[in-house]
Amino acid sequence: MERVTFDTADGLTLEGELRRPDQAPRGAAVLCHPHPRHGGSKDHPLLWALRIGLASRGFAVVSFNFRGVMGSEGEYGGGEVEVADVEAAVGLARSAAEGPMFVCGWSFGANVALRAAVRDQRIDGLALIGFPLSESSLDLPSLPDDDELAAFRRPILLLAGDADQYCPVPELERLASKLPNATLEVVAGADHYFGKREREAAGIVAGFAERLLEG
């Protein structure tokens with residue numbers, strides 16, 4: 001694991017880690033963590049499992065802390081300005097490896113990742129875990145509008161547990177219906193945090209991402 005720093009377009013320095021695959025990389029990936037104001041950071045068992053799973057499939061993986069988290073400069077921006085953090089991380093990942101660019105976001109990170117991907121054509125595929133959709137979800141920026149979602153034709157995985165308190169399955173199905181190239185995966189018995197199910201979730205995401213490599 002290589003510790004890295006990189007700069008955003010608005011002049012902040014963020015901290016992260018780059019995990020390279022054992023062999024020559026076949027693609028690049030970025031991981032986006034949960035809510036900064038509720039303990040979210042790059043250092044969570046699910047994100048560790050995702051790093052390992054994606055690296056084992058040939059991805060060079062960048063995991064990072066959003067602005068204002070731990071050693072990353074700046075302040076929490078409500079999920080709006082954090083899109084610039086994802087764009088900067090994608091730039092770092094792109095410099096580390098050629099091939100498909102894959103972005104995976106969890107919870108808050110899923111909301112930010114989707115909005116980043118809609119406007120960043122460098123991103124070839126996307127996985128969104130536990131996308132916050134319930135009325136009890138934390139205050140987050142609105143989804144892209146229906147026209148923007150309909151125009152997003154790149155592969156996208158929507159993954160949640162059927163006991164996810166922030167991502168009700170009917171709401172996730174509704175979101176999937178608005179995306180032309182969406183794959184929906186629901187894990188029985190898992191909640192928002194995939195406790196003790198991290199490897200299972202990571203395996204689903206890595207398997208989906210590997211399809212990008214196969215073209």
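1. The expected span of a helix is taken as 1.5 Å times one less than its number of residues. In this predicted model, helix α1 covers residues 45-56, and its twelve residues reach 16 Å from the first C-alpha to the last, close to the 16 Å expected. Just after α1, Gly58 takes a positive phi of about 105°.

2. The buried residues of α1 are Leu46, Leu47, Ala49, Leu50, Arg51, Gly53, Leu54 and Ala55. These buried residues pack against the strands β2 (13-19), β3 (27-32), β4 (59-64), β5 (101-106) and β6 (125-129), as well as against helix α6 (198-213).

3. The packing of α1 with α6 deserves a separate point. The crossing of α1 past α6 is right-handed. On the α1 side the contact is made by Pro45, Leu46, Ala49, Leu50, Gly53 and Leu54, while α6 contributes Glu198, Arg199, Ala201, Ala202, Val205, Ala206 and Ala209. Of the residues in this contact, ten are nonpolar, one is polar and two are charged.

4. A residue of α6 to look at individually is Ile204, which is partly exposed, with a relative accessible area of 22%. Leaving aside residues up to four places away in sequence, Ile204 touches Leu157, Leu159, Glu185 and Val187.

Key: Residues are numbered from 1 along each chain as its sequence is written. This is a predicted model: local features need pLDDT of at least 70, side-chain atom pairs count only at pLDDT 80 or more; totals for chains, interfaces and linings use all residues. Side-chain values use heavy atoms; hydrogens and water are left out. Helices (H or I, at least four residues) and strands (E, at least two) are DSSP runs, numbered from the N terminus. Buried means under 20% relative accessible area, exposed over 50%, partly exposed in between (1.4 Å probe, protein chains only). Contact means heavy atoms within 4.5 Å. A crossing is left-handed if the near helix is turned anticlockwise from the far one by less than a right angle, and right-handed if clockwise. Ala, Val, Leu, Ile, Met, Phe, Trp, Tyr, Cys and Pro count as nonpolar, Asp, Glu, Lys and Arg as charged, and the others, Gly among them, as polar.
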